[in-house]
Amino acid sequence: MIPVDAMPAALQDAVGRGQRSRMLSSTTPVQVWAHRPKVALAWLGLMESLHSDSLLDERLRELVRLKIASITTCKACQLARKSDRVSDEDIACMATDSDYFTPAERAALRYAELFASDYLSIDDEHFARLEEFFSTAQVVELGLYCALMLAGGRMTLVQQAY
């Protein structure tokens, strides 16, 4: 791992912004990615964009992130909390069919679950369900967010960067 203070200034700045916004709960993955500083900066830029300029509600993003973390089994991802709008009770009820969540949350959680575990089963019916609650741009962002969380969780776990 590359120490944060040995990273290029732009990457150090991005890490600092990520920690302040709670986008990053740990610098450890970035310290691994820092072997490719331009790529790490691009990755963090995408994360930051989806975190700070999102079309999706903060609570929904956190539920989706935690759902994917439960599938990737990334302990760092499972333990991190990026939003105070998701409670321990929410996390205990992560079933995608639970009446505990709103219909929109259930649709997004089901999509995230399939995206991370059975992506070939996602069909027009799933997109029609999402479109009952979300704009096309929000559905696209949900897919981008799921992809980023899935890849980040798997990469963190495989690289043992937790």
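1. Thr72 is buried, since its relative accessible area is 4%, where buried means under 20% relative accessible area, exposed means over 50%, and partly exposed lies in between, as found with a 1.4 Å probe on protein chains only. This residue belongs to helix α4, and helices here are DSSP runs of H or I with at least four residues, numbered from the N terminus, while strands are runs of E with at least two. Not counting residues up to four places away in sequence, Thr72 touches Leu150, Gly153, Arg154 and Leu157, and contact means heavy atoms within 4.5 Å. Thr72 and Glu58 are 14 residues apart along the chain, and their C-alpha atoms are separated by 21 Å.

2. Before going further, please keep in mind that this is a predicted model, in which local features need pLDDT of at least 70 and side-chain atom pairs count only at pLDDT 80 or more, whereas totals for chains, interfaces and linings use all residues. Residues are numbered from 1 along each chain as its sequence is written, and side-chain values use heavy atoms, with hydrogens and water left out.

3. Helix α4 (residues 58-72) packs against helix α9 (residues 136-158) at an angle of about 40°, and their axes are 9 Å apart; the axes are lines fitted to C-alpha atoms, for helices over the stretch in contact, and the angles run from 0 to 180 degrees between N-to-C directions. The two helices α4 and α9 are therefore oblique to each other, given that angles under 35 degrees count as roughly parallel, over 145 as roughly antiparallel, 65 to 115 as roughly perpendicular and the rest as oblique. The crossing in which α4 passes α9 is right-handed; a crossing is called left-handed if the near helix is turned anticlockwise from the far one by less than a right angle, and right-handed if clockwise.

4. On the α4 side, this contact with α9 is made by Arg61, Val64, Arg65, Ile68, Ile71 and Thr72, and on the α9 side the residues include Leu142, Tyr145, Met149 and Leu157. Sorted by class, the contact of α4 with α9 has 9 nonpolar, 2 polar and 3 charged residues, where Ala, Val, Leu, Ile, Met, Phe, Trp, Tyr, Cys and Pro count as nonpolar, Asp, Glu, Lys and Arg as charged, and the others, Gly among them, as polar.

5. Helix α4 also packs with α7, at an angle of about 30° and with axes 9 Å apart, and the crossing of these two helices is right-handed. Among the residues that meet here are Leu60, Leu63, Val64 and Ile68 in α4, and Ala104, Ala108, Leu109 and Ala112 in α7. The contact of α4 with α7 divides into 10 nonpolar, 1 polar and 4 charged residues.

6. A further pair to look at is α1 and α3, whose axes come within 10 Å and cross at roughly 30°, and these helices are therefore roughly parallel to each other. In this case α1 passes α3 in a left-handed crossing. Residues of the contact include Leu11, Ala14 and Val15 of α1, together with Leu41, Leu44 and Glu48 of α3, and by class the contact of α1 with α3 has 8 nonpolar, 2 polar and 2 charged residues.

7. Leu44, which is found in helix α3, counts as buried at 1% relative accessibility. Leaving aside its neighbours within four places in sequence, Leu44 is in contact with Leu11, Ala14, Val15, Met23, Leu24, Val30 and Trp33. Although Leu44 and Leu11 are 33 residues apart along the chain, their C-alpha atoms are separated by 8.6 Å.

8. The largest nonpolar core has 35 residues, and those with the most contacts inside it are Val30, Leu44, Val64, Ile68 and Leu142; a nonpolar core is a set of buried Ala, Val, Leu, Ile, Met, Phe, Trp, Tyr and Cys residues joined through side-chain atoms within 4.5 Å. Helices α1 (9-21), α2 (28-33), α3 (37-52), α4, α7 (103-117) and α9 each supply at least two residues of this core, and α9 gives the most to it, with 7 residues.

9. Two loop residues complete the note. Arg22 lies in the loop between α1 and α2, is partly exposed with a relative accessible area of 31%, and has a positive phi of about 75° although it is not a glycine. Ser87 is in the loop between α5 (75-79) and α6 (88-92), and Ser87 is also partly exposed, with a relative accessible area of 25%.
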